[in-house]
Amino acid sequence: MDTSFSQQKYASAKSKRSDYQHLWPEMRFGWRIVVGSIIAFIASAFGSVGGVGGGGIYVPMLILVIGFDAKSSVPISKCMIMGTAASTVYCNLKRRHPTLEMPVIDYNLAVLIQPMLMLGISIGVGLGGILADWMVTVLLIVLFSGTSAMMLLKGTQLWKKETIAKKVQEDAARIELNDVRSEEVEQNRQPSDASNSVQKKANEVPVLKNVYWKELGVLVFVWVSFLVMQILQIRTTTCSTVYWVLSSMQIPVSVGVTLYQAVCFHKGKKVLEPMGEAGTELKVHQLVLYCFLGVLAGMVGGLLGLGGGFILGPMFLQIGVPPQVASATASFAMMFSSSMSVIEFYLLKRFPIPYSAYFLAVAIVSAVAGQYVVRKLIIALGRASLIVFLLVTLFFVSAFLLGGVGISNMVKQIQHKEYMGFQNLCHA
C-alpha cells in the first residue's frame, strides 16, 4: 500500500522491510527547481518569522512540484525545517525581550516544553504506523482549521490593541508638542536621540551574556539522550523486548526534566513573564495543560513530518507570550527536534544529499532574509501582530496543501479498494 506523507520516518527501517522503493528524481536545473525554490524561499521566510518552520508547505511542494515520493519528502522537509529553525535561533541569540531585561528566547519556557515535544514526536511516530492515512488527514484538517480560526481572532484582538496604543501615543505626543515651546524641543532633541540610540543598542547584547547556559545545557542533555535511544531503537527489531525498553526509557528522561521545571514554576523559583510584568506562580492545571500541549505538538510533528511549531507558536500566544518571544522560543525548541530527526534520517540513508543540501541552503538564506525584513516592518509599523497574521496564512495554506495531498491519496486507495483500517505497528 502506498505510504502517505503523514506516515513518519522509522516504520520501514525498524521493521527491516525491503519492499519500499524510494523515488528520487535526478537533480537538474529546470522549472521544477525554480518553482520549488521560490515556494521554499517564501515558506521559510514566513515560517522563520512565525516560528513554525514551514513544513506544512515543504512536504506538498516536494511531492507535487519536485516529484519525490511521500516518504522521501519528509526527511528533506526536516532538513529544511532544521535550516529555518537554526537560522532563526542564530538571528535571535543576541536579541532581547521587547519589554523586559531578558533574552527574546524564553529559555525557562523552552526547558518546560522541549522534553514533552521530544516525547510527543516518539508517540506520533508510533501512531503514524497504526493510524490509517484518512484518519491523519481528517485530524490534520480539523486541527489546522481550528487553530487558524483561533489565531485569526487572536491577531485581530492584538491589532486592535496596537491601534489603540498608537492612537494614545500620537495624542500624547501632539499635546506635548503644543505645550512645549519650540526652543525647549530643540534643546531636548539631542538627549532624546541619544536615549533612543541607547535603547536600540539594548535590543542586542553579546551572545555570551544573552544565553542562559544552564538551561541550554539541560536542553542539550535531553537532545543527546533521545538521539542515542532513537539510534539504538533503529538498530533493533520493532516490538522486541529491547525496542520497548528503549521506548520506555524516553519517559523518565522527558518527564523528569519537565517535572523539575514545573515544580520550580509552581513554587515561584522560576517565573513566566508573558506580558512584560513580573510572573506569578503557575497553577498545577496550567502546567499540566502546557505539558500536554507540548506532547500534542510533538505528536502532530511525528504524524505529519512537521517540526511542532504549528502547535507551540499558537500555544505560546494564547498564554500571553509576545509574538516576538513566541516565535523565537518555538523556533528554539524546534531546532532540537528537527536536528535529531535529520541525523537519524542520514544514518538511515533516507534522503539524497544534493537535494537536501540545496534546499537546506535555500531555507537558511530565506529564514535570515525573513527575519530581517519582517523585523524592520514590525519596528517601522509598530505592529507585532504581523507575526500572528503570518501564522494564520501559513496555517490556511498548509491545511489546504497537506489536506489536498491526503485526500488525493485517500481517493486512490478507495479506487484500488485498499485496506483503510488500523495498521499493526509491529508489521507497519
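Which residues make the nonpolar surface patch of about 880 Å²? I looked, and found Phe 29, Trp 31, Val 34, Val 35, Ile 38, Phe 41, Ile 42, Phe 46 and Val 365. For such a patch, nonpolar side chains are joined within 5 Å, from residues with over 30% relative accessible area and no salt bridge.

A note on the source: this is a predicted model, where local features need pLDDT of at least 70 and side-chain atom pairs count only at pLDDT 80 or more, while totals for chains, interfaces and linings use all residues. Residues are numbered from 1 along each chain as its sequence is written, and side-chain values use heavy atoms, with hydrogens and water left out.

Helices here are DSSP runs (H or I, at least four residues).

Then I followed α2 (residues 31-50) to α3 (residues 55-66): their axes come within 10 Å and cross at roughly 170°. The contact (heavy atoms within 4.5 Å) includes Trp 31 and Ile 39 of α2 and Tyr 58 and Met 61 of α3. By class I noted twelve nonpolar, two polar and one charged residues.

My last pair was α5 (residues 107-128) and α9 (residues 213-234), whose axes come within 9 Å and cross at roughly 10°. So α5 is roughly parallel to α9. Among the contact residues I saw Met 118 of α5 and Trp 223 of α9. This contact has eleven nonpolar, four polar and one charged residues.

Conventions. Axes fitted to C-alpha atoms, helices over the stretch in contact; angles between N-to-C directions. Helix = DSSP H or I, 4+ residues; strand = E, 2+ residues; numbered from the N terminus. Nonpolar A, V, L, I, M, F, W, Y, C, P; charged D, E, K, R; others polar. Patch = residues over 30% accessible without salt bridge, like charges linked within 9 Å, V, L, I, M, F, W, Y side chains within 5 Å. Areas by Shrake-Rupley, 256 points an atom, 1.4 Å probe, with all protein chains shown as cover. Salt bridge = Lys/Arg side-chain N within 4 Å of Asp/Glu carboxyl O. Parallel < 35°, antiparallel > 145°, perpendicular 65-115°, else oblique.
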